[in-house]
Amino acid sequence: MREFTVGQEFKNAYPFIRGKYSFFDEEGENEVDTWTPGVRYEACGPYGEDSKTIVDGKGWQILTVIDVHKPGRYPERVFYTVKWINPDGKEFGKGKLHIATTEKFRRWSRGYKFANEIYLSEDAA
């Protein structure tokens, strides 16, 4: 029996950072706020030798299992897609197919893949 099944979804809390997106149209240059999955690092300590992991908000990552395959003598692979829900509730993602070994996918399906101490930015609402 396989650990993961086709169509299975995993919804995990995921950190987001604020950014700016600039574009041009008939009215000239415009700038809008955006959300990007991930974290940023800020130097701290008396000489900036340490860093803090900062986030501006919390959103969601949705992993969907497309297929599971064991290619001969090689480790079993999970084929999956990733979608995101930003802190404002907007869903996005290209639906690109990703591949990982079952072991790697098992770790990622449990949540944010970097185990650092994370701080909410002072600008976060």
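Predicted model: local features only at pLDDT ≥ 70, side-chain atom pairs only at ≥ 80, totals over all residues.
Colleague: Let us take the strands, then. Which strands does E6 pair with?

Modeller: Strand E6, residues 77-85, pairs with strand E5, residues 57-69, in the antiparallel sense over nine bridges. E6 also pairs with strand E8, residues 98-101, again in the antiparallel sense, over four bridges. Strand E7, residues 91-92, is another antiparallel partner of E6, with two bridges.

Colleague: How many residues lie between E6 and E7 in their hairpin?

Modeller: Five residues lie between E6 and E7. Gly-89, in the turn, has a positive phi of about 95°.

Colleague: And what about E1 and E2?

Modeller: Strand E1, residues 9-25, and strand E2, residues 28-37, run antiparallel and are joined by 10 bridges. Tyr-21 stands opposite Val-32 in E2. E1 and E2 form a hairpin too, with two residues between them.

Colleague: Back to Ile-85. Is Ile-85 buried or exposed?

Modeller: Ile-85 has a relative accessible area of 14%. Buried means under 20%, so Ile-85 counts as buried. The residue belongs to strand E6.

Colleague: What is Ile-85 in contact with, beyond its neighbours within four places in sequence?

Modeller: Its contacts there are Lys-11, Phe-16, Gly-59, Trp-60, Ile-62, Lys-90 and Glu-91. Ile-62 lies 23 residues from Ile-85 along the chain, and their C-alpha atoms are separated by 8.0 Å.

Colleague: Now for E5. Is Gln-61 buried or exposed?

Modeller: Gln-61, which is in strand E5, is buried, with a relative accessible area of 9%. Leaving aside neighbours within four places in sequence, Gln-61 is in contact with Phe-10, Lys-11, Asn-12, Tyr-14, Val-82, Lys-83, Trp-84 and Trp-108.

Colleague: How do side chains point along a strand, in general?

Modeller: In a regular strand they alternate between the two faces of the sheet.

Colleague: Changing topic to the helix: which residues of H1 are buried?

Modeller: Helix H1 covers residues 102-109, and Thr-102, Phe-105 and Ser-109 are buried in it. Seen down the axis of H1, these buried residues fall within an arc of 60°, so they line one face of the helix.

Colleague: What do the buried residues of H1 pack against?

Modeller: They pack against E1, E5, E6 and E8.

Colleague: And what follows H1?

Modeller: Gly-111 follows H1, and its phi is positive, near 145°.

Colleague: Last topic, the largest pocket. How much space lies in it?

Modeller: About 160 Å³ of space lies in the largest pocket.

Colleague: Which residues line the largest pocket?

Modeller: The lining consists of Pro-37, Val-82, Trp-84, Phe-92, Gly-93, Lys-94, Gly-95, Lys-96 and His-98.

How values were computed
Residues numbered from 1 in each chain as written. Heavy atoms only, no water. 1 Å grid on protein atoms, 1.4 Å probe; cavity = no way out; pocket = protein on both sides within 12 Å on 5 of 7 lines; lining within 4 Å. Points joined across faces, edges and corners; volume = space filled by probe spheres on them. Pairing = 2+ DSSP bridges. Buried < 20%, exposed > 50% of the residue type's maximum accessible area, 1.4 Å probe, protein only. Arc of directions from axis to C-beta. Contact = heavy atoms within 4.5 Å.
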